[in-house]
Amino acid sequence: MSDQEIVHPKTPDQEIIHLNDVLISYDDETPVLSHVNLSLKKGEFAYLIGKSGAGKTSLLRSLYAQQSIEGTEASVCGFDLLKMKRRRLPQLRRRIGIVFQNFNLLNDRNVYDNLYFVMRATGWKKRKLIDQRIMQTLESVGIAAKATSRTCQLSEGEQQRVGIARALINEPELILADEPTGNLDPITSSEIMQLLTDINRKAGITMLISTHDFMMIDKFQSRVICCENGTVVDPQ
């Protein structure tokens, strides 16, 4: 696959996430969430809340085809999750950026190499284009000066900025963030949420943010979706 082929066509102004009467299960057997109806349009920003064990992470995992999903309709970034062949999973996942609570970085490598690893794994080949994209992305999250630093030497806030850069590297249509401020102090949490809201506003990337951080929800107000009683409650 060439570098040019990595630049995927964007989904038109429409629903980036569309779930209609969906069942999400562990290991194809144990139901986690049922009768799920959810729609997020291009450019929307929404929080996903709920008690521990309520199914937030399972919902996010199902959206990037990491957990079993079945039902009437389930599409993400134009991909039909109910009919999609496994060979198309890499195409879906290039359209989705994922941000983790625990960062999930390669701590034996520097910041640049963490992003380089992702780009090579997703088909980029030309070193000049890779260099340009990595530095552009690190600049956009305010951490270009740390490109040659090992991730284990960074503060937790800086590590999460690397995690966000990794999520952005393939210019996704959708970012799913699972407790992105869960390991951060209040000041750093506010900086990370400001960064995510700025990216949403400037780049138009749809975002679904799982969180327990109600202080951040109050500060950066947006749509709130709740996992409770074995389903998803969406006031909208």
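This report walks through one predicted protein model, from its confidence to its sheets, helices and cores.

## Confidence

The chain has a mean pLDDT of 91. Of its residues, 94% reach 70 or more. Confidence is highest in strand 8 (residues 206-210), at a mean of 98. It is lowest in helix 1 (residues 3-6), at a mean of 42. Over residues 4-12, pLDDT stays under 50. The model has 25 contacts beyond four places in sequence for that stretch. Where pLDDT is low, the predicted coordinates should not be read in detail.

Look at the pairs around strand 7 (residues 174-178). Strand 7 runs parallel to strand 8, and five bridges join the two. Here Asp178 stands opposite Ser210 of strand 8. Strand 6 also runs parallel to strand 7, again with five bridges. Ile98 has Leu176 in strand 7 as its bridge partner.

Is strand 6 largely enclosed or largely open? Four of its five residues are buried, so strand 6 is largely enclosed by the rest of the structure.

Four strands form another open sheet, in the order 2-1-4-5. The pairing in this sheet is antiparallel. Its edge strands are strand 2 (30-41) and strand 5, each pairing on one side only. Strand 4 (residues 68-76) and strand 5 pair over two bridges. Within this pair, Val76 stands opposite Phe79 of strand 5.

## Helices against the sheets

Helix 2 (residues 56-63) touches strands of both sheets. In the four-stranded sheet, helix 2 touches strand 1 (15-26), strand 2 and strand 4. The table gives the directions.

| Helix | Strand | Angle between directions |
|---|---|---|
| Helix 2 | Strand 1 | about 120° |

Helix 4 (111-121) shows a clear pattern of burial. Its buried residues include Val111, Tyr112, Asn114, Leu115, Val118 and Met119. Why do the buried residues line one face of helix 4? Seen down the helix axis, they fall within an arc of 165°, so they line one face. These buried residues pack against helix 5 and helix 6.

## The nonpolar cores

In soluble globular proteins, nonpolar side chains tend to be buried together. The largest nonpolar core in this model has 41 residues. Which of them touch the most other members? They are Ile134, Leu138, Ile164 and Leu196. Several elements each supply at least two residues of this core, among them strand 3, helix 4, helix 5 (127-140), helix 7 (186-203) and helix 8 (214-219).

Take Ile134 as an example. Leaving aside neighbours within four places in sequence, Ile134 is in contact with Tyr112, Leu115, Tyr116, Met119 and Ile169. Tyr112, Leu115 and Met119 are also among the buried residues of helix 4.

Another core, of 34 residues, lies apart from the largest one. Its members include Ile69, Leu176, Ile225 and Cys227. Leu176 is also the bridge partner of Ile98.

## Two loop residues

Pro180 lies in the loop between strand 7 and helix 7. Is Pro180 buried or exposed? Its relative accessible area is 2%, so Pro180 counts as buried. Not counting residues up to four places away in sequence, Pro180 touches Val99, Gln160, Leu196, Ile209 and Ser210. One of these, Leu196, belongs to the largest nonpolar core. Another, Ser210, stands opposite Asp178. Pro180 and Gln91 are 89 residues apart in sequence and 24 Å apart in space, C-alpha to C-alpha.

Arg87 sits in the loop between strand 5 (79-80) and helix 3 (89-94). Its relative accessibility is 67%, so Arg87 counts as exposed. Arg87 and Gly53 are 34 residues apart in sequence. In space, they are 31 Å apart, C-alpha to C-alpha.

Definitions and conventions. Residues are numbered from 1 along each chain as its sequence is written. This is a predicted model: local features need pLDDT of at least 70, side-chain atom pairs count only at pLDDT 80 or more; totals for chains, interfaces and linings use all residues. Side-chain values use heavy atoms; hydrogens and water are left out. pLDDT is the predictor's confidence in each residue, from 0 to 100. Contact means heavy atoms within 4.5 Å. Two strands pair if DSSP finds at least two bridges between them. A nonpolar core is a set of buried Ala, Val, Leu, Ile, Met, Phe, Trp, Tyr and Cys residues joined through side-chain atoms within 4.5 Å. Buried means under 20% relative accessible area, exposed over 50%, partly exposed in between (1.4 Å probe, protein chains only). The arc is that of the directions from the helix axis to the C-beta atoms. Axes are lines fitted to C-alpha atoms, for helices over the stretch in contact, and angles run from 0 to 180 degrees between N-to-C directions.
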